[in-house]
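Biologist: I am new to this one. Please show it to me, and then I will ask my questions.

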Amino acid sequence: MYRFLDCLLALLGLILSSPLLLVIYIMGLFDTGSPLFSQERVGRYKKPFVLVKFRTMQVETFSVASHLVPSSSITPLGHFLRKTKLDELPQLWNVLVGDMSLVGPRPNLFNQTKLIEAREQLGVYNVLPGLTGLAQVRQIDMSTPELLARTDSQMIRSLTLRDYFKYILMTATGKGQGDRVR
């Protein structure tokens with residue numbers, strides 16, 4: 001049932017937001033010259049996939065977890081996109097093609113070994129990663145790997161249809177701030 005909802009909502013989201021996607025893309029050309037950012041992330045069963053986002057940092061910024069990035073690397077447009085979560089919109093494509101779900105554990109980088117170990121022990125990689133989830137609405141980011149893994153596991157075990165929509169709405173209305181930059 002969740003896969004059907006993911007596809008339906010992602011397709012609807014991409015169609016309805018297409019004018020906004022185009023505007024952000026054009027603004028990104030002026031901001032960094034390279035408006036899209038892609039990065040290999042850990043997916044379901046630890047298989048790699050390429051996550052797509054709007055670029056929020058300078059092009060030469062080293063690829064690390066958000067909590068390790070200096071705020072000086074984030075562009076003025078990037079600050080706005082992160083604050084409003086608009087940088088995440090291209091991930092609707094990842095949802096549509098089956099790399100991600102709308103709700104699930106945020107996909108991490110392969111170099112986040114402590115988080116990978118903690119998530120592996122709790123079976124977090126048995127589900128698709130998501131755009132948002134319990135950890136994001138509770139403001140738990142990847143700087144606390146054990147807590148994040150436990151929260152992800154808790155969400156996976158107890159996810160209901162009501163929670164699915166609740167996490168999406170909370171994130172869309174600004175309650176999901178989990179991947180903050182220090």
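Modeller: Helices (H or I, at least four residues) and strands (E, at least two) are DSSP runs numbered from the N terminus. The model is predicted, so local features need pLDDT of at least 70 and side-chain atom pairs 80 or more, while totals for chains, interfaces and linings use all residues. Residues are numbered from 1 along each chain as its sequence is written, and side-chain values use heavy atoms, without hydrogens and water.

Biologist: Where is lysine 85, and is it buried or exposed?

Modeller: Lysine 85 lies in the loop between α2 (76-84) and α3 (91-96). Its phi is positive, about 65 degrees, although the residue is not a glycine. Because its relative accessibility is 18%, lysine 85 counts as buried (under 20%; exposed is over 50%, partly exposed in between, with a 1.4 Å probe and protein chains only).

Biologist: In which loop is lysine 46 found?

Modeller: Lysine 46 has a positive phi near 65 degrees and is not a glycine. At 30% relative accessibility, it is therefore classed as partly exposed. The loop that holds lysine 46 is the one between β1 (36-42) and β2 (48-54).

Biologist: At what angle do α4 and α6 cross?

Modeller: Helix α4 covers residues 113-121 and helix α6 residues 145-158. Their axes (lines fitted to C-alpha atoms over the stretch in contact, with angles from 0 to 180 degrees between N-to-C directions) come within 8 Å and cross at roughly 35 degrees.

Biologist: Which residues of α6 make the contact with α4?

Modeller: Contact means heavy atoms within 4.5 Å. On the α4 side, Lys114, Leu115, Ala118 and Arg119 take part. On the α6 side, the residues are Pro145, Glu146, Leu148, Ala149 and Asp152.
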